[in-house]
Amino acid sequence: MNTPEQSQLGKASAYVDQYDASLLFPIPRQGKRAEIGVTGTPPFFGADLWTAFELSWLNPRGKPQVALAHITVPCESPNIIESKSFKLYLNSFNNTRFADASEAQARLRKDLSEAAWRGAAQPASVGVKLLSPELFDREPVHELDGLNLDRLDIECHHYTPAPELLSAATGEAPVTETLTSHLLKSNCLVTGQPDWGSVQIQYSGPQIDQAGLLAYLVSFRNHNEFHEQCVERIFMDVWTRCQPIKLSVYARYTRRGGLDINPFRTSHPQALPANVRTARQ
């Protein structure tokens with residue numbers, strides 16, 4: 001079983017520029033899920049939406065090609081793909097010749113699917129969409145929709161996750177709200193490097209105390225955990241403490257090394273959000 005400590009995180013790495021799928025380093029999701037009380041089928045659906053901004057390869061004549069890639073990794077997959085290994089893998093395309101963009105896309109889909117679903121009884125596919133340069137100016141920038149919690153003037157004292165800050169008006173009529181914050185920050189599980197994000201919480205059910213929710217989100221500031229794990233922790237804490245009827249948690253983290261990771265978790269089946277970057281991304 002791969003662990004984060006066995007990955008290339010925090011270690012000097014040789015940058016291979018010839019295709020090498022073995023660079024991908026999958027890490028099982030279940031260990032961190034067990035920490036938040038998810039031991040069987042998770043009470044959520046969703047996916048991790050990645051954007052690769054530094055993707056390049058050579059055409060058959062040796063001329064460099066560039067593209068953006070949107071990658072969708074279902075949260076039902078047994079593994080996350082450690083981000084530094086993902087970067088090293090993408091770097092291995094740099095001096096590799098492919099017949100065309102379709103061949104590069106197929107190789108990405110095959111390798112990423114194998115890593116994400118490694119060990120699964122019924123493996124499935126990862127979604128990969130390539131955008132060529134003539135489509136770059138169609139990529140929008142849009143902030144997460146919803147009421148911004150950051151408007152609240154609160155005192156913050158907790159900088160490690162404090163779910164006890166969460167509460168909801170369980171004795172009152174249910175509401176439907178979309179709440180956002182730009183104050184989400186956590187740290188890499190291994191290196192401690194900061195991960196900056198914006199988060200959107202949509203729910204129906206007892207009205208959540210907004211000041212407490214904002215203080216709770218701020219409490220991740222010194223917490224060491226991968227992006228996907230933070231979002232699942234937020235989902236489970238809100239789900240158990242506030243008891244909504246429906247809940248979705250979506251975070252968009254700023255990129256590092258040409259990659260951003262944007263986990264989405266929802267209690268009920270629905271379409272994934274569009275992979276649209278925010279201004280900070």
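These legends accompany close-up views of a predicted model.

**View 1**
D48 counts as buried because its relative accessibility is 1%. Its side chain makes a polar contact of 2.8 Å with the side chain of R265. Beyond its neighbours within four places in sequence, D48 is in contact with R29, I71, T72, V73, E228, N262, P263 and R265.

**View 2. The cysteines C156 and C242.**
The whole structure holds zero disulfides. The closest cysteine sulfur to that of C156 is in C242, 17 Å away, so the two are too far apart for a bond. A disulfide would need the sulfur atoms within 2.5 Å. C156 is partly exposed, with a relative accessible area of 25%. C242 counts as buried, at 1% relative accessibility.

**View 3. The largest nonpolar core.**
This core has 29 residues. I201, L213, L217, I234, V238 and V249 touch the most other members. At least two core residues come from each of strand 7 (175–187), strand 8 (194–205), helix 4 (210–218), helix 5 (227–242) and strand 9 (246–253). Helix 5 gives the largest share, seven residues.

**View 4. I234 and its contacts.**
Not counting residues up to four places away in sequence, I234 touches L184, I201, Y216, L217, F220 and V249. I234 is also one of the residues that touch the most other members of the largest nonpolar core.

**View 5. Another nonpolar core.**

Note on methods
Residues numbered from 1 in each chain as written. Predicted model: local features only at pLDDT ≥ 70, side-chain atom pairs only at ≥ 80, totals over all residues. Heavy atoms only, no water. Buried < 20%, exposed > 50% of the residue type's maximum accessible area, 1.4 Å probe, protein only. Polar contact = N/O pair within 3.5 Å; in protein donor to acceptor, adjacent residues only side chain to side chain. Contact = heavy atoms within 4.5 Å. Core = buried A, V, L, I, M, F, W, Y, C linked by side-chain atoms within 4.5 Å. Helix = DSSP H or I, 4+ residues; strand = E, 2+ residues; numbered from the N terminus.
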